[in-house]
Amino acid sequence: SGGEHDSASQGGCLALASDLSLDLLAMSAWPGVHVGDAGAAWLLGRRAFSRRALGLQKGEAVPDLSVEPNIHVLTALNPTCEGRAVFVSVRRHACRGAGGVLARSRWRDEQGRPQFSTTMVIHLSPKEVVDACVILGLASIHDVDVVSDIVPLQPPPLPAPRDPLVLSFPLSAGAGLPFRCSQAAGGALTHFAHPSTWHACDFDAPVGTPVLAASDGTIAEVRDGCAAG
């Protein structure tokens with residue numbers, strides 16, 4: 001990815017926009033990532049949160065995620081009165097949703113070794129439980145390898161009043177190829193859940209594409225700590 005920038009077109013100069021169309025989203029740019037919003041057909045099911053139905057006693061802690069020990073259903077739970085975004089990746093094992101086995105993505109760990117995982121972005125309404133998928137091939141519940149991030153949903157921030165800001169496009173067009181906008185403002189992959197990136201855009205670019213300064217300024221910080229991933 002070419003990074004996150006508050007822009008929406010390719011080449012030349014462009015003006016920032018706070019109302020970028022979600023039609024700019026390119027779902028094929030997210031291989032192995034499955035968005036579980038209200039209309040997602042791949043989810044196993046949604047239901048209202050109930051302590052009694054879940055066998056939880058009053059005052060007993062509610063897990064954010066659970067895996068049923070016998071049939072290995074991965075479930076996301078939200079007992080709160082606010083919406084949540086659940087980002088969860090199941091590593092090493094495939095997952096089956098309502099329509100069959102979910103596509104997996106290929107990535108590399110910090111040692112450069114190839115790995116596979118199924119990533120799900122689940123939109124949880126207040127007081128809701130979502131059965132996401134069945135984790136396949138588990139010999140034991142202790143073999144579950146899941147990483148997750150769960151954040152409360154917040155209203156999108158309003159842009160600060162200002163004159164239109166015009167920036168240069170931040171990627172070099174030397175390769176002569178267009179750059180796909182893989183996620184626009186309020187994007188269903190990650191931008192919708194983080195006010196700090198709500199108005200951002202992501203662009204896919206080949207490895208080695210120069211990233212250009214969009215305007216005059218001073219470099220405040222540089223990080224280069226990942227060998228792969």
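Residues are numbered from 1 along each chain as its sequence is written, and side-chain values use heavy atoms, with hydrogens and water left out. Because the model is predicted, local features need pLDDT of at least 70 and side-chain atom pairs count only at pLDDT 80 or more, while totals for chains, interfaces and linings use all residues.

**Asp-131**

- Asp-131 sits in strand S12, which spans residues 128-135; strands (E, at least two residues) are DSSP runs numbered from the N terminus.
- With a relative accessible area of 17%, Asp-131 is buried; buried means under 20% relative accessible area, exposed over 50%, and partly exposed in between (1.4 Å probe, protein chains only).
- The Asp-131 side chain makes a polar contact of 2.5 Å with the side chain of Arg-47, and another of 2.7 Å with the side chain of Thr-75.
- A polar contact is a pair of N or O atoms within 3.5 Å; within protein, one must be able to donate a hydrogen and the other to accept it, and residues adjacent in sequence count only if both atoms are side-chain atoms.
- Neighbours within four places in sequence aside, Asp-131 is in contact with Leu-43, Leu-44, Gly-45, Arg-47, Val-73, Leu-74 and Thr-75, where contact means heavy atoms within 4.5 Å.

- Arg-46 is partly exposed at a relative accessible area of 31%, whereas Glu-128 is buried at 11%.

- Asp-145 and Arg-91 meet through their side chains in a salt bridge of 3.1 Å, N to O.
- The two lie 54 residues apart and link distant parts of the chain, Arg-91 in strand S7 (residues 84-91) and Asp-145 in the loop between S12 and strand S13 (146-152).
- Asp-145 also forms a salt bridge with Arg-92, the closest N and O atoms being 3.5 Å apart.
- Here the separation is 53 residues, with Arg-92 in the loop between S7 and strand S8 (95-97).
- Arg-91 counts as partly exposed at 26% relative accessibility, and Arg-92 is exposed at 52%.
- Salt bridges link Arg-91, Arg-92 and Asp-145 in a network.

How values were computed: Helix = DSSP H or I, 4+ residues; strand = E, 2+ residues; numbered from the N terminus. Salt bridge = Lys/Arg side-chain N within 4 Å of Asp/Glu carboxyl O.
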